Amino acid sequence: MPAVVPVSLLASFLFASSAALQQRAAGRSSFAKRADSAHAVPGVGLLAELVQDRLWVLGWTANISGFCVQAAALHLGSVAEVQPLMVCQLLFALPLGLVGTGRRMSGVAWWGAAGICAGLAALLSSRGDLPTAAGVDRPRLLLTIGAMVLVAGVLTVVSLGRSPTARAVLFGVAAGMVYALTAVLMKESADRLVTDGFLATAADWCGFGLAAATLSSMLLGQAAYASGPLAPALTAMNITNPVVSCLLAVLLYGAPAPSTAVQLLGVTVGTGLIVTGVALLARTPTLPRPSRQLP
């Protein structure tokens with residue numbers, strides 16, 4: 001675990017930097033300015049526009065860097081270890097989201113940050129050293145992919161006509177699920193690359209699944225950023241991602257579920273602190289939707 005934690009935190013910081021930059025770019029896109037945006041679903045056209053925005057490209061560069069660092073962390077440790085640390089994206093996104101606004105973090109935000117840090121410490125220490133898992137249950141993985149595609153589709157349909165905040169949350173939940181699935185596919189591909197080499201990895205269907213999941217998560221994430229404020233979008237992603245990741249670790253890798261009284265207490269307290277901290281951060285006014293005039 002010692003090596004996994006700093007590598008995971010570095011990935012989290014890079015993803016937070018990417019989120020802050022990409023949401024600022026998406027917030028000034030033509031889709032975000034549309035009068036009927038609440039009844040539309042952002043698609044490839046939004047990405048085609050964003051790739052021409054230098055701010056978004058800079059954010060995507062940070063995202064690719066985070067992707068590589070996360071792959072290294074997943075190779076070193078368990079999905080159930082790495083993904084909860086991705087919650088720290090919201091901690092890093094707070095000060096990054098304030099750059100250029102002249103605002104300061106509120107007391108509520110600081111309490112939220114403290115709650116998340118304490119929750120992560122309780123959650124990770126209570127689980128002990130989790131196995132890195134030699135391989136995934138692939139039949140279950142295929143069923144999981146199908147189920148997540150269905151749920152993401154339902155969330156997209158439900159988002160139509162909702163308020164900007166509700167749409168950001170719904171797209172954020174869908175994106176968080178796919179991020180968790182992406183982590184599983186990324187771990188499979190990284191492990192295969194190290195053990196069997198590039199050619200075997202390129203011929204493995206998990207690699208193609210990783211590409212599809214990455215594109216899907218990118219579309220859903222940009223949809224969340226373009227539909228509403230950063231705070232609810234990133235909050236939804238950061239609650240959904242670690243929760244689904246822990247479930248996938250148990251379902252697909254056979255990671256041990258908490259069983260002892262100490263483990264159950266640690267998981268319960270840690271999860272409660274994280275959810276409370278994220279909720280406090282979501283309520284703070286320090287992460288507004290960016291103005292269209294921001295550079």
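Residues are classed here as buried when their relative accessible area is under 20%, as exposed when it is over 50%, and as partly exposed in between (1.4 Å probe, protein chains only). By this criterion, buried residues account for 51% of the 295 residues in the protein chain. The structure is a predicted model, in which local features need pLDDT of at least 70 and side-chain atom pairs count only at pLDDT 80 or more, whereas totals for chains, interfaces and linings use all residues. Numbering starts from 1 along each chain as its sequence is written, and side-chain values rest on heavy atoms, with hydrogens and water left out.

The protein chain comprises 13 helices and zero strands, where helices (H or I, at least four residues) and strands (E, at least two) are DSSP runs numbered from the N terminus. Among contacts (heavy atoms within 4.5 Å) between residues at least 6 apart in sequence, 85% join residues at least 24 apart.

Confidence is expressed as pLDDT, the predictor's confidence in each residue, from 0 to 100. The mean pLDDT of the protein chain is 78, and 82% of its residues reach 70 or more. Confidence is highest in helix H8 (residues 138–159), at a mean of 91, and lowest in helix H5 (residues 79–85), at 71. Over residues 286–295, pLDDT stays under 50, and the model has 33 contacts beyond four places in sequence for this segment.

Two aromatic pairs are present in the structure. Rings of Phe, Tyr and Trp (its six-membered ring) are taken to pair if their centres lie within 6.5 Å, with planes under 30 degrees apart counted as stacked, over 60 as edge-to-face and the rest as tilted. The Phe13 and Phe92 rings form an edge-to-face pair, because their planes stand at 85°, with the centres 5.4 Å apart. This pair links distant parts of the chain, since Phe13 belongs to helix H1 (residues 4–26) and Phe92 to helix H6 (residues 88–98), 79 residues apart. Phe13 is partly exposed at a relative accessible area of 35%, and Phe92 is likewise partly exposed at 26%.

The rings of Trp56 and Trp60 are stacked, because their planes lie at 10°, with centres 5.8 Å apart. Both residues are in helix H4 (residues 54–76), where a spacing of four residues separates them by about one helical turn. Trp56 is buried, with a relative accessible area of 4%, whereas Trp60 is partly exposed at 23%.

Pockets were identified on a 1 Å grid over the protein atoms alone, as open sets of points where a 1.4 Å probe fits, with protein on both sides within 12 Å along at least five of seven lines; lining residues have an atom within 4 Å of a point. The largest pocket has a volume of about 440 Å³, volume being the space filled by probe spheres set on the points, which are joined across faces, edges and corners. Its lining consists of 26 residues, of which Phe15, Asn63, Phe67, Tyr179 and Ser217 lie nearest the centre of the pocket. At least two lining residues each come from H1, H4, H9, helix H11 (205–227) and helix H12 (230–253), and H4 provides the largest share, six residues. The lining divides into 14 nonpolar, 12 polar and no charged residues (nonpolar: Ala, Val, Leu, Ile, Met, Phe, Trp, Tyr, Cys and Pro; charged: Asp, Glu, Lys and Arg; polar: the others, Gly among them).
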